[in-house]
Amino acid sequence: PVERFYRDVRHYRIGEGFRILGVLEGALESYTKSVQQPRFIRGYLGQCQMWLRLGQPENVVRTVTDLLAKFASDPTTLTPEVRVQALADRGRAHLNVGDLASAKKDLSEALALRADHAEALNALGVIRVLEGQVKGGASSWVSALQADQYLMEAWTNLATLHLLAGKVEEARALYAAAAQRDPSRADPVAGQAATLLQSGKDAMPLLLQALQIEPGHAYTRYLVANLKLRAGASDEAIDHFGRALAAEPCFVPAYYGAGAAYFRLARGMTESAAAEANPAAAETLRRRVDEILVFAETLFKAIHGLDPTRTDAVLALGCVYLAMDRPAEAREKLAQARQMGIEEKQPSDPLIEYALAYHEFRFGPGPTAKERLESARDVFRRMAGFQPGTDGSSQWAMAEAVAMEARIGDWLVTSLRLDEKFDRPDAKDIGGGWTESDRKYGV
């Protein structure tokens, strides 16, 4: 027994070394070897820490629940210190899977036993912010840092809260303080890069520095991908979004970004196919476009699977189906997105209405261009009564709706004078970026 105990301690200490070096898989393997003796509970807690960092919260919930039940009547093994850490770990695991009620119960119990447990305070702060208690969340993060000034998650949470509130300089100072305390972590470096992006400054040097520290850092990959997308490098953007999702499979913004990148890639290839003189080459490009749109559909379906309440994911699917010439499914998703907004008592979304106008123009029931355009114009006219949103996309949609209504009116007058049947070849050539070609995917 003594030999087995020292063997387990040796494996545990090797796991601690791997953890300090950031070799998470190696640490987990060593912690797992250390629990061959069932009562070596420190090994189980080490496993839980690694599972949390590796995105396997279900293992934490199962292991802690088993430990608390198995050693409930053994205070020498389940000491108050061990119980606090186990409850904090299970609370964080519940939080990671979105079970806020169970998370709050475990964290509150842990803090009742030890009021200055930094990890529990940090997780409780996240719950409070998710529940709309922003000041309470910030207070919990400050308390966590007072308990442990090296808890990186509390620094980055507090900094991100300031960044979202528009307090860029305060956020930058918090990220810098975090980086000073632990230069081996990519989170604060990526956060500083985000503050530069918010200020319209060059963030790429800091992003490359973050990737040197942690090549698989999801948030850094996401920010780099967005810069590549803005620069028109859709292929490179898709690569970085993919690496972000490989590191964090539930990182929803990366799904959106990759979907947008595939859309842009499809549009560029469509334009190339239209300009291609070789029919065989043009057909190859069109087939590639169809494949790319399937990728975009898969990404937006994944978002909807992760969170069925997200209206924007349903809208994105509707736009994908428009681009894929699947009008019935497009209409269903766009109508669903509109209904979700009504049920949430949200103001009418200009982007949804703009997509519906596109649907009316392309696939409306009218047999002639005139009837389809008039149907689209009705939607644009209805948009004129909307309250303009503060985001750039909504403002663009509102401005485009006004311009499109005027262009449709001009076309109708011109076509009435030149061709009473409204079936001339220029029936779709009215400007606006999405009516010149059936397959430009401008929505």
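Let's start in the loop between α17 (311–323) and α18 (327–343), because that is where D325 lies, and please keep in mind that this is a predicted model. What is the phi of D325? It is about 60 degrees, a positive value, although D325 is not a glycine. For background, most residues other than glycine have a negative phi. D325 has a relative accessibility of 32%, so it counts as partly exposed.

Now follow the chain to the loop between α18 and α19 (350–363), where you will find K345. K345 is not a glycine either, and its phi is positive too, near 60 degrees. Is K345 buried or exposed? With a relative accessible area of 75%, K345 is exposed.

Next, salt bridges. Side chains of opposite charge can pair when their charged atoms come close. How many salt bridges does the model have? The count comes to 28, and I'd like to show you a few.

One of them joins the side chains of E119 and R92, at 3.4 Å from N to O. E119 sits in helix α7 (residues 118–130) and R92 in helix α5 (residues 80–96), so this pair ties together parts that are 27 residues apart in sequence. E119 has a relative accessible area of 19%, and since buried means under 20%, E119 counts as buried.

Then look at E297 and K301, whose closest N and O atoms are 3.2 Å apart in a salt bridge. Both belong to helix α16 (residues 279–306), and they are 4 residues apart, about one turn of the helix. E297 is buried, at 8% relative accessible area, whereas K301 is partly exposed, at 44%. These two also belong to a network of salt bridges that links E297, K301, R326 and E329.

My last pair is R407 and E400, with a salt bridge of 3.6 Å from N to O. Here R407 is partly exposed, at 30%, and E400 is buried, at 12%.

Let's turn to two helices, α12 (residues 204–213) and α13 (residues 218–230). Their axes come within 10 Å and cross at roughly 145 degrees, and the crossing is left-handed. Which residues meet there? From α12 we have M204, L207, A210 and L211, and they meet T220, R221, L223, V224 and L227 in α13.

Finally, the surface. I14, F18, L21 and V23 form a nonpolar patch there, with about 350 Å² of accessible area together. Among them, L21 lies in helix α1 (residues 2–21), and at 68% relative accessibility L21 counts as exposed.

Methods:
Residues numbered from 1 in each chain as written. Predicted model: local features only at pLDDT ≥ 70, side-chain atom pairs only at ≥ 80, totals over all residues. Heavy atoms only, no water. Patch = residues over 30% accessible without salt bridge, like charges linked within 9 Å, V, L, I, M, F, W, Y side chains within 5 Å. Areas by Shrake-Rupley, 256 points an atom, 1.4 Å probe, with all protein chains shown as cover. Salt bridge = Lys/Arg side-chain N within 4 Å of Asp/Glu carboxyl O. Buried < 20%, exposed > 50% of the residue type's maximum accessible area, 1.4 Å probe, protein only. Axes fitted to C-alpha atoms, helices over the stretch in contact; angles between N-to-C directions. Left-handed = near helix turned anticlockwise from the far one by under 90°. Contact = heavy atoms within 4.5 Å.
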